[in-house]
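Trainee: Could we go through this structure together, a piece at a time? I'd like to ask things as they come up.
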Amino acid sequence: MVCVYEPGQLRTFLAVAQTLSFTQAARRLGVRQSTVSQHVRRLEEAAGRQLFTRDTHSVELTEDGEAMLGFARTILDAHERAVAFFAGTRLRGRLRFGASEDFVLTRLPEILETFRRDHPEVDLELTVELSGTLHERLEAGRLDLVLAKRRTGGTHGELVWQDALAWIGAPQLRLDPDRPVPLIVYPPPGITRARALEVLEAHGREWRIACTSGSLSGLVAAARAGLGVMAHSRGLIPPGLVPVPNRAGLPELGDVDFVLLHGRRAGARHGTREPADALAAAILAGVDRLHRPADGTH
């Protein structure tokens with residue numbers, strides 16, 4: 001029996017594996033949830049293995065599902081290369097891409113390196129900034145594609161994944177409940193800064209700014225030195241830092257969305273629509289790599 005892995009089913013599998021939600025995968029792909037279920041079922045039948053364990057509350061990859069992740073990316077990459085080759089089309093143009101500071105320590109550079117290798121005639125310009133600043137530059141027409149945070153409940157952008165925010169700090173850090181919380185924060189318009197101040201104010205917890213830096217590296221250095229705590233995506237906690245224990249009594253921060261946003265000017269007149277779409281597709285295909293630091297720890 002010859003196994004045939006359909007590209008459409010593999011894309012659906014990746015979306016479910018990355019979001020761990022049939023509902024979010026359907027929303028991302030723009031299809032019905034029943035279609036997502038059907039694609040996964042047919043892929044499992046083709047593989048002869050169960051790829052997910054699921055119940056009414058959760059979806060998890062099986063060991064075979066973890067193995068399928070790598071195969072799915074390889075097959076889809078080869079498929080897209082073949083389509084581009086025989087279609088005789090090569091992407092060209094200038095693409096201004098913005099990524100938030102959150103991805104500095106992840107494997108995003110690997111995704112960008114692959115994109116540059118596959119599309120050498122696209123001039124890729126990278127801007128790393130605060131999410132709030134990237135939103136402003138995109139709105140002003142200074143960027144064509146952005147990967148950044150948005151407040152949960154927002155509707156702008158294409159949802160890549162949703163993560164919980166956590167208070168993090170050095171393992172040896174101890175907070176005095178009778179003193180203001182020492183905060184390590186981005187400057188305005190940082191989204192995590194705003195969330196941290198909002199929840200502390202709402203719970204009547206006093207705070208003070210212990211460190212401000214526009215770079216993730218600066219914030220991480222301050223946190224490792226034990227200067228205070230910072231609000232950060234739980235799935236992207238930098239090496240050397242840990243979640244602050246519940247006994248510290250810090251209020252819950254809630255969730256945050258990571259989204260892809262296309263600029264209004266990324267159209268045919270500027271020659272960036274197709275490169276932006278191609279990079280967006282590459283990022284969505286490699287979302288699971290964005291959850292892991294570049295040094296392999298986590």
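Trainee: Where does D176 sit?
Mentor: In this predicted model, D176 is placed in the loop between β6 (158-169) and β7 (181-185).
Trainee: And is D176 buried, exposed or partly exposed?
Mentor: D176 counts as partly exposed, because its relative accessibility is 38%.
Trainee: What does its side chain reach?
Mentor: The side chain of D176 reaches the backbone nitrogen of D178, at 2.9 Å.
Trainee: How far is D176 from R234?
Mentor: Their C-alpha atoms are separated by 23 Å, and D176 and R234 are 58 residues apart along the chain.
Trainee: Changing topic, how many aromatic pairs turn up?
Mentor: A search of the whole structure finds 5 aromatic pairs.
Trainee: Are F22 and F52 buried or exposed?
Mentor: Both F22 and F52 are buried. Another edge-to-face pair is made by F103 and F258, with 5.6 Å centre to centre and 70° between the planes. Here F103 lies in the loop between β3 (93-100) and α5 (108-118) while F258 lies in strand β11 (residues 255-262), so the parts tied together are 155 residues apart in sequence. F103 and F258 are both buried as well.
Trainee: Now the cores. Which residues touch the most other members of the largest nonpolar core?
Mentor: Those are F97 and W167, in a core of 41 residues. Helix α9 (residues 273-285) supplies the largest share of this core, with 5 residues. Apart from that core lies another one, of 20 residues, and its members include L14, A17, V59 and L69.
Trainee: What does F97 touch?
Mentor: Leaving aside residues up to four places away in sequence, its contacts include L108, L112, L124, L143, L279 and I283, and E125 and T127 are also among them. F97 also stands opposite L145 in β5, and β3 and β5 run parallel, joined by 3 bridges.
Trainee: How many residues of β5 are buried?
Mentor: Strand β5 (residues 145-151) is mostly covered, with 6 of its 7 residues buried. β5 also pairs with β11 in the antiparallel sense over 7 bridges, and A148 stands opposite V259 in β11.
Trainee: Next, α7. What span does this helix reach?
Mentor: Helix α7 (residues 191-202), which has 12 residues, reaches 16 Å from its first C-alpha to its last, close to the 16 Å expected at 1.5 Å a residue. Its buried residues are I191, T192, R193, R195, A196, L197, V199 and L200, and just after α7 comes G204, which takes a positive phi of about 65°.
Trainee: Last one, where is Q9 found?
Mentor: Q9 is found in helix α1 (residues 7-19). Q9 counts as buried because its relative accessibility is 11%, and, not counting residues up to four places away in sequence, Q9 touches H39, R42 and L43.

Notes: Residues are numbered from 1 along each chain as its sequence is written. This is a predicted model: local features need pLDDT of at least 70, side-chain atom pairs count only at pLDDT 80 or more; totals for chains, interfaces and linings use all residues. Side-chain values use heavy atoms; hydrogens and water are left out. Rings of Phe, Tyr and Trp (its six-membered ring) pair if their centres lie within 6.5 Å; planes under 30 degrees apart count as stacked, over 60 as edge-to-face and the rest as tilted. Buried means under 20% relative accessible area, exposed over 50%, partly exposed in between (1.4 Å probe, protein chains only). Helices (H or I, at least four residues) and strands (E, at least two) are DSSP runs, numbered from the N terminus. A polar contact is a pair of N or O atoms within 3.5 Å; within protein, one must be able to donate a hydrogen and the other to accept it, and residues adjacent in sequence count only if both atoms are side-chain atoms. The expected span of a helix is 1.5 Å times one less than its number of residues. Contact means heavy atoms within 4.5 Å. A nonpolar core is a set of buried Ala, Val, Leu, Ile, Met, Phe, Trp, Tyr and Cys residues joined through side-chain atoms within 4.5 Å. Two strands pair if DSSP finds at least two bridges between them.
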